[in-house]
Amino acid sequence: MASSIPLTSITLPGHRAPAAGFEAPFEMLGACHERVERMLGLLAKLQQHVLLRGWDESVASAARDVMRYFDQAAPLHHEDEERHVFPPLLAGEDAALRLIVQSLQQDHRDMEAAWAAAREVLASVAQAPAPGWAHFSPLETATLTDFTRLYNRHLREEDGLVYPAARAGLSPEALEAMSADMMRRRGLEPG
């Protein structure tokens, strides 16, 4: 029988949200990236735990946390980018930047497909797996690894180039409209 490690060793460290509000939309987008990185870290810990100790309730809990984030928050974040960050850059004069943004848009479609596959793997351990299950198959491991790699590369390109360029090109009025839209789509009332 698999021995378990304390739940705290596989859950999010501190489980605190970065202090950013919708009144500062790019800071909020950056905070979302920090949460994505923490979720990807949790996914890596989950995989390591399964490899070393097999399945236990902490694996199920971590799988459900990762699934909840990428089911709910990640699609809203991608829509924020598609609606507010990418369009001004695509309309701009920098051809190289337009190509990068087009690649990031394709990433969003690829991430959606990669998430569907990764979610299926995680759903298989969100409850007690079938008797005899010992670990993820090589294909399941590759699915989770590919999902993580795609997200990590995507985040680097957005944080390093796209967000600074988009932020520099948006007027205070555009930032205010961006903030209000982000809030409305999350069921919040703009202030």
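His108 is buried, at a relative accessible area of 7% (buried means under 20%, exposed over 50% and partly exposed in between, with a 1.4 Å probe and protein chains only). His108 belongs to helix 3, residues 95-123 (helices are DSSP runs of H or I of at least four residues and strands are runs of E of at least two, numbered from the N terminus). The side chain of His108 makes a polar contact of 3.2 Å with the side chain of His154. A polar contact is a pair of N or O atoms within 3.5 Å; within protein, one must be able to donate a hydrogen and the other to accept it, and residues adjacent in sequence count only if both atoms are side-chain atoms.

The model is predicted: local features need pLDDT of at least 70, side-chain atom pairs count only at pLDDT 80 or more, and totals for chains, interfaces and linings use all residues. Residues are numbered from 1 along each chain as its sequence is written, and side-chain values use heavy atoms, with hydrogens and water left out.

**Overall make-up**
- The protein has 5 helices and 0 strands, and its elements run α-α-α-α-α from the N terminus on.
- Of its 191 residues, 42% count as buried.

**Packing of helix 1 and helix 4**
- Helix 1 (residues 25-53) packs on helix 4 (residues 138-169) at an angle of about 160°, and their axes are 11 Å apart.
- Axes here are lines fitted to C-alpha atoms, for helices over the stretch in contact, and angles run from 0 to 180 degrees between N-to-C directions.
- Helix 1 and helix 4 are therefore roughly antiparallel to each other (angles under 35 degrees count as roughly parallel, over 145 as roughly antiparallel, 65 to 115 as roughly perpendicular and the rest as oblique).
- The crossing of helix 1 and helix 4 is left-handed, a term used if the near helix is turned anticlockwise from the far one by less than a right angle, with right-handed used if clockwise.
- In this contact of helix 1 with helix 4, the residues divide into 11 nonpolar, 7 polar and 5 charged.
- Ala, Val, Leu, Ile, Met, Phe, Trp, Tyr, Cys and Pro count as nonpolar, Asp, Glu, Lys and Arg as charged, and the others, Gly among them, as polar.

**Aromatic pairs**
- The structure holds 8 aromatic pairs (rings of Phe, Tyr and Trp, the last by its six-membered ring, pair if their centres lie within 6.5 Å; planes under 30 degrees apart count as stacked, over 60 as edge-to-face and the rest as tilted).
- One of them joins Phe26 and Tyr163 edge-to-face, at 5.8 Å centre to centre and 75° between the planes.
- Phe26 is in helix 1 and Tyr163 in helix 4, 137 residues apart, and the pair links these distant parts of the chain.
- Phe26 is buried at 3% relative accessibility, and Tyr163 is buried at 6%.
- Phe70 and Phe147 also pair edge-to-face, because their ring centres are 5.0 Å apart and their planes are at 80°.
- Phe70 lies in helix 2 (residues 57-90) and Phe147 in helix 4, so the pair ties together parts 77 residues apart in sequence.
- Phe70 is buried at 3% relative accessible area, and Phe147 is buried at 0%.
- Ring pairs link Tyr69, Phe70, Trp115, Phe147 and Tyr151 into a cluster.

**Other residues**
- Val50 sits in helix 1 and counts as buried at 2% relative accessibility.
- Val50 and Val125 are 75 residues apart in sequence, and their C-alpha atoms are 9.7 Å apart in space.
- Glu82, in helix 2, counts as partly exposed at 29% relative accessibility.
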